[in-house]
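Q: Could you take a close look at one part of this model for me, the aromatic rings, and walk me through how they sit together?

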Amino acid sequence: MARIGSMTTAAAAVLMCSISMVNGFTGPVSSFGMASSTTQLQMGLFDGVKDAFSAPPSSTLGSERETPIDRWMGWNVKKEDDVAMSVADDANFVDSMDPKNFVAVELQKPMGIIFQENEGDCGGISVLELREGGAAFENSFLLEMGDQLVAVGSTKVSGQSFDTAIGAIVDATPTDDKTGIKLVLFRGSAKDLYGPTGASQEWLDEFLANGAVPVSK
């Protein structure tokens with residue numbers, strides 16, 4: 001009986017040792033089930049800690065303050081270049097819902113304006129160059145390179161394709177020989193006019209319906 005008791009004690013020790021080994025090595029022995037569930041429990045615990053100490057999505061840290069724990073937690077680290085670009089964008093921002101940032105000109109044909117299509121999917125065209133001998137060149141102080149064409153007469157062309165916008169100029173006719181064709185332009189970038197902070201279509205429609213801005217002389 002004493003021998004049987006010793007064997008039972010030894011078997012129990014071996015079993016406890018095996019359980020400890022399974023708990024200790026989660027990689028090669030994960031197929032045994034016990035190690036797998038233990039691993040999932042441990043990972044779940046750390047995920048909870050990570051969630052509890054994670055920073056809000058909108059928070060940012062300076063790159064000089066970044067630590068390995070920041071990267072593990074997924075905290076947003078904003079680099080100095082990104083900050084500088086953000087400041088520059090704010091400094092160059094032009095409000096496309098402010099009438100002061102629009103100009104209107106009346107030009108006879110041939111106008112002599114070379115337009116270019118905006119990059120991306122926003123559509124619209126902008127002033128690229130004024131051709132010598134054209135009406136726009138003679139009044140070059142009224143226009144600037146990069147001005148965004150918004151309307152031809154009472155026809156809104158902002159956001160339209162290159163062919164549609166140019167077609168509106170081709171089809172436009174002055175009311176008499178002394179009156180030119182009115183062009184309304186936004187003095188800002190395509191991003192300012194068509195981006196997230198750009199003027200709404202409702203605002204532009206009302207703005208143009210009210211005559212936009214007086215013609216520059």
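A: F102, F186, W203 and F207 come together as one aromatic cluster. Keep in mind that this is a predicted model. The count of aromatic pairs comes to four. Take F102 and F207: their rings make a tilted pair, with 4.7 Å centre to centre and 50° between the planes. That pair ties together distant parts of the chain, since F102 belongs to strand β3 (residues 102-107) and F207 to helix α8 (residues 201-209), 105 residues apart. Both F102 and F207 are buried. For F207, the relative accessible area is 7%, under the 20% cut-off, so F207 counts as buried.

F207 also pairs with W203, and here the rings are stacked: 4.9 Å centre to centre, with 15° between the planes. The angle is under 30 degrees, which is why the pair gets called stacked. Why are W203 and F207 about one helical turn apart? Because they are four residues apart in helix α8. The general rule is that an α-helix has 3.6 residues a turn, so residues three or four places apart point the same way.

Methods:
Residues numbered from 1 in each chain as written. Predicted model: local features only at pLDDT ≥ 70, side-chain atom pairs only at ≥ 80, totals over all residues. Heavy atoms only, no water. Phe/Tyr/Trp six-rings, centres within 6.5 Å; stacked < 30°, edge-to-face > 60°. Helix = DSSP H or I, 4+ residues; strand = E, 2+ residues; numbered from the N terminus. Buried < 20%, exposed > 50% of the residue type's maximum accessible area, 1.4 Å probe, protein only.
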